[in-house]
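I kept them brief and in the order in which I looked things up.

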Amino acid sequence: MKKIILLALCLVLSCFIWAGCSSSGESFEEKSYTPDTNIKEINLDVQDREIETSISEDDQIHISYFESAKETYEIAVSDENVLTMTSVSDKDLTDYIGGKPSAENRKIFLQIPDALLESLTLSTTNEDITLPELTVTESISASSNGGDIVFGNLNVGKAVNLTVKNGDISGTIVGSYDDFAIRTEIKKGESSLPENKDGGAKTLDVSANNGDVNIEFSPE
């Protein structure tokens, strides 16, 4: 009995030691990026970061984010004027034990011009994606594994693609129901959309695993 009690105490003590050693003692620095050329497409593919999108006031693209010595981002602009931002992690196994960065340090603020982009693609894990009332000439895609996707009036020229796992999708799409060919895949959730609907010059593809979908249409 004494051995069992001693073992339990050792386990509890070990937990406190691990928590104390790894309660995210990383130092984060706020940074920003503004491309010096016209951008046609934006592609953000990050891990464990909330993406908050808004309309810029100067028709330029601005990204604000937080980096540490072990959690950084790679930002690049291709010859085709596609802006990409991806997560880069230099963490080892012990860095993942215990606390995580504060909510502020886990957020990316993306400001984009309205009606000037061709396409916008956003992907993250364990956090939400929020989009404002926004117009793009071609397509918008958003994916979150472990978070919600929430948006204002999205106005697209061709397509909307939305995917969540363990999260919900909610918002409004500009146009009538008949403007879109719809494909919906729902597992363990409810949806305001039909599973399949043909017709329409544009496409709406939605997938939710363990989450609800509530999308409405708004006349232009």
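I started at arginine 183, which stands opposite asparagine 196 in E16. The strand E15 (residues 180–187) pairs with E16 in the antiparallel sense over 2 bridges. For the record, two strands pair if DSSP finds at least two bridges between them. Strands (E, at least two residues) and helices (H or I, at least four) are DSSP runs, numbered from the N terminus.

Before going on, I noted that this is a predicted model, where local features need pLDDT of at least 70, side-chain atom pairs count only at pLDDT 80 or more, and totals for chains, interfaces and linings use all residues. Residues are numbered from 1 along each chain as its sequence is written, and side-chain values use heavy atoms, with hydrogens and water left out.

Next I followed the sheet. I found an open sheet of 9 strands with mixed pairing, in the order E5-E6-E2-E8-E11-E13-E17-E15-E16. Its edge strands are E5 and strand E16 (196–197), each of which pairs on one side only.

Then I turned to the salt bridges (a side-chain nitrogen of Lys or Arg within 4 Å of a carboxyl oxygen of Asp or Glu). By this rule I have 7 salt bridges.

One of them joins the side chains of glutamate 71 and arginine 49, at 2.8 Å from N to O. Glutamate 71 lies in strand E5 (residues 71–77) and arginine 49 in the loop between strand E2 (41–45) and strand E3 (50–55), so this pair ties together parts that are 22 residues apart in sequence. Are these two residues buried or exposed? Glutamate 71 is buried, with a relative accessible area of 13%, and arginine 49 is buried as well, with 3%. My cut-offs here: buried means under 20% relative accessible area, exposed over 50%, and partly exposed in between (1.4 Å probe, protein chains only).

I also looked up lysine 107 and glutamate 52, whose side chains meet in a salt bridge of 3.5 Å, N to O. This pair links distant parts of the chain, with lysine 107 in strand E7 (residues 107–112) and glutamate 52 in strand E3, 55 residues apart. Lysine 107 counts as buried at 18% relative accessibility, whereas glutamate 52 is partly exposed at 30%.

Another salt bridge I checked is the one between glutamate 127 and arginine 106, with the closest N and O atoms 3.0 Å apart. Glutamate 127 sits in the loop between strand E8 (119–125) and E9, and arginine 106 in the loop between strand E6 (82–89) and E7, 21 residues apart. Both glutamate 127 and arginine 106 are buried. I noted too that salt bridges with shared partners join Glu50, Glu52 and Lys107 into one network.

Glutamate 133 has its place in the loop between strand E9 (129–131) and strand E10 (134–136). At 56% relative accessibility, glutamate 133 counts as exposed.

My last stop was threonine 163, in strand E13 (residues 159–165). Threonine 163 is partly exposed, with a relative accessible area of 35%. Threonine 163 and aspartate 205 are 42 residues apart in sequence and 8.3 Å apart in space, C-alpha to C-alpha.
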